[in-house]
Amino acid sequence: MPRTQWKPDATFYPSPTLAAEAPPERLAYVATFWRGQGEPQPDALAVVDVDAASPRYGQVVGWCPMPNTGDELHHHGWNACSSALCPSNAHPHVERRYLLMLGLRSSRIHFVDVKSDPLNPAIAKIIEPEEYQRKTGYSRPHTAHCGPEGIYVTNLGAAFSDDGPGGIALLDHDTFEVIGAWEKDRGPQFLAYDFWWHLNHDVVVTSEWGTPAMIEDGLVGELLLGQKYGHSIHFFDLRTGKHLQEIDLGAQHQMALELRPAHDPTKQYGFVGVVVSTEDLSASVWLWHRDGDRFAATQVITIPAEPADPDDLPELLKPFGAVPPLVTDIDLSVDDKYLYVSCFGTGEAKQYDVSDPFHPVETGSVRVGGIAARAAHPSQPDVPLRGAPQMVEVSRDGKRVYWTNSLYGAWDDQFFPAGVDAWMIKADVDVENGGMTLDPRFFPSGDDFRGNRVHQTRLEGGDASSDSYCFP
């Protein structure tokens with residue numbers, strides 16, 4: 001359980017600049033989940049060696065199974081991070097020690113100690129579904145962030161229900177006990193997905209996917225064409241939990257998912273990825289930004305669908321004769337220079353220079369997998385791959401980018417009816433000029449993950465999407 005520190009954790013960084021100068025990660029912690037046939041197996045936290053000088057580089061070197069089956073581990077987050085140094089609500093006595101492994105289907109939360117023995121993580125505490133739902137009023141925890149007042153967890157559904165509203169719950173960062181729902185006035189917000197914040201400005205931003213009934217059995221075509229999935233972002237007051245503003249991106253822009261605010265704490269802008277447009281199957285990235293005393297949103301990236309032979313497409317897409325990009329994750333480098341965009345449909349991972357956030361410039365691209373393309377990895381150039389770059393994580397120094405290839409079990413099976421091959425890839429980045437190259441030495445895959453699929457990655461000591469800073 002949490003321990004009191006006399007000095008701040010060495011992996012807490014006051015500013016993004018200092019975070020980028022920290023030692024490189026040696027380990028990656030990857031959420032894996034069972035989606036196989038036969039007797040259900042437990043989900044697990046996999047430890048992957050990412051030290052290029054290690055003899056076990058690119059191998060799974062640790063494994064922590066969950067005690068139950070059917071959790072579907074999805075996103076995971078740290079119990080504490082650099083936000084603990086923020087003077088508005090400082091708690092530097094905590095340490096970055098535990099990962100919250102969230103069961104998206106079960107509503108069970110596991111606290112896994114990855115510091116006592118980094119190669120053999122151990123479960124330290126479990127919040128069972130009944131307790132979590134009873135105390136928060138929510139179910140299906142999705143994303144956890146360490147922040148002021150405690151650990152914040154966003155949830156897709158209401159307690160003991162397949163419906164909404166979804167929202168944010170708060171856990172105590174000292175005891176890991178459930179405090180309760182965070183919002184005091186949610187206004188028009190009903191659907192939930194991701195959340196982030198501008199800490200120095202007391203602003204929380206949330207996004208929208210769908211209720212559990214809308215997503216747990218796969219994408220519902222009627223709901224998509226009826227434009228019923230989420231297409232708004234919401235702004236709340238961090239201190240009061242009150243809704244401030246809604247920005248509707250347009251009903252055709254279905255599933256406004258991942259939020260990536262600027263790491264520079266003096267800035268009030270960020271990016272949100274939109275999975276698909278019902279008008280032309282394109283995907284997009286939008287910039288939210290201050291406009292006077294309100295926020296505005298501007299579409300800054302559009303990625304078109306790619307024509308494809310219907311015979312190469314799943315039933316869901318055959319009538320369209322095209323592969324939608326399906327932007328399912330984005331990530332912003334710690335220096336706010338590069339935005340990485342995962343196209344789960346086409347199998348492309350894109351890099352944009354967003355030094356001018358209003359005018360992104362594409363500077364790099366790699367392709368692996370994809371619904372129609374099934375592009376190979378350079379380590380196995382003759383092996384077509386199923387799945388595609390999905391969750392993306394960037395090292396603190398911006399020199400390495402990692403992807404895993406599963407979206408969500410039921411959705412994987414719709415877009416890749418033959419299943420997805422579990423794999424994880426890495427690219428090396430030219431941080432000065434842009435561009436990235438896949439590392440042929442790094443390709444943990446298949447049996448390495450013991451039959452499980454792989455979802456989100458967290459990097460030892462923090463990464464580009466886990467920490468927020470209060471000093472520029």
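Q: A cavity is a set of points on a 1 Å grid over the protein atoms where a 1.4 Å probe fits but cannot get out. How much space lies in the second largest cavity?
A: The model is predicted, and the values that follow are computed from it. Rolling a probe the size of a water molecule over the atoms shows where empty space is left. The lining of the second largest cavity consists of 13 residues, with H75, T143, H145, Q456 and R458 nearest its centre. The space in the second largest cavity comes to about 70 Å³.

Q: Which element gives the largest share of the lining of the second largest cavity?
A: At least two residues of this lining come from each of β4, β8, β16 and β30. By class, the lining divides into three nonpolar, six polar and four charged residues. The largest share is three residues, and the element that supplies them is β8.

Q: What is the volume of the largest cavity?
A: Seven cavities of 30 Å³ or more are counted. W197, P261, A262, H263 and S468 lie nearest the centre of the largest one, which has 17 lining residues. Its volume is about 150 Å³.

Q: Which element gives the most to the lining of the largest cavity?
A: The lining of the largest cavity holds nine nonpolar, four polar and four charged residues. Two elements, β12 and β16 (253-261), each supply at least two of the lining residues. The most, three residues, comes from β12.

Q: Are the side chains on the two faces of strand β12 buried or exposed?
A: In a regular strand the side chains alternate between the two faces of the sheet. In β12 (residues 195-198), F195 and W197 lie on one side, with W196 and H198 on the other. Both faces are covered, and these four residues are all buried.

Q: Which residue in the turn between β12 and β13 has a positive phi?
A: β12 runs antiparallel to β13 (residues 203-206), and four bridges join the two strands. Within this pair, W197 is opposite V204. The strands form a hairpin with four residues between them, and the turn residue with a positive phi, about 55°, is D202.

Q: How many disulfides does the protein have?
A: A disulfide requires a pair of cysteine sulfur atoms within 2.5 Å. The sulfur atoms of C81 and C146 are 2.1 Å apart, and those of C86 and C470 are 1.9 Å apart. The count comes to two.

Q: What pattern do the disulfides follow, with bonded cysteines counted along the chain?
A: C81 lies in the loop between β4 (73-78) and β5 (98-103), and its partner C146 is in strand β8 (residues 138-147), 65 residues apart. C86 is in the loop between β4 and β5 too, whereas C470 lies in the segment after β30 (452-459), 384 residues apart. The pattern is 1-3, 2-4.

Q: What is the torsion about the S-S bond of C86 and C470?
A: Both C86 and C470 are buried, as are C81 and C146. The torsion of the C81 and C146 bond is about 120°, so that disulfide is right-handed. The disulfide of C86 and C470 is likewise right-handed because its torsion is about 90°.

Q: Which element gives the largest share of the largest nonpolar core?
A: This core has 31 residues, and W209, I215, Y229, M255, I371, W411 and F415 touch the most other members. Two or more residues come from each of α3 (212-215), β16, β17 (269-277), β21 (322-323) and α5 (409-415). The largest share, three residues, comes from α5.

Q: How many charged residues are in the lining of the largest pocket?
A: The largest pocket has a volume of about 380 Å³. Its lining has 17 residues, and D9, T11, R26, E460 and G461 lie nearest its centre. The lining has eight nonpolar and two polar residues, and its charged residues number seven.

Q: How many nonpolar residues are in the lining of the second largest pocket?
A: The second largest pocket holds about 280 Å³ of space. Of its 22 lining residues, L219, L224, V276, L316 and L317 lie nearest its centre. Elements giving two or more residues to this lining are α4 (221-225), β16, β17 and α5. The lining has no charged residues and four polar ones, and its nonpolar residues number 18.

Terms used:
Residues are numbered from 1 along each chain as its sequence is written. This is a predicted model: local features need pLDDT of at least 70, side-chain atom pairs count only at pLDDT 80 or more; totals for chains, interfaces and linings use all residues. Side-chain values use heavy atoms; hydrogens and water are left out. Buried means under 20% relative accessible area, exposed over 50%, partly exposed in between (1.4 Å probe, protein chains only). Two strands pair if DSSP finds at least two bridges between them. On a 1 Å grid over the protein atoms alone, a cavity is a set of points where a 1.4 Å probe fits but cannot get out, and a pocket is an open set with protein on both sides within 12 Å along at least five of seven lines; lining residues have an atom within 4 Å of a point. Grid points are joined across faces, edges and corners, and a volume is the space filled by probe spheres set on the points. Ala, Val, Leu, Ile, Met, Phe, Trp, Tyr, Cys and Pro count as nonpolar, Asp, Glu, Lys and Arg as charged, and the others, Gly among them, as polar. A nonpolar core is a set of buried Ala, Val, Leu, Ile, Met, Phe, Trp, Tyr and Cys residues joined through side-chain atoms within 4.5 Å.
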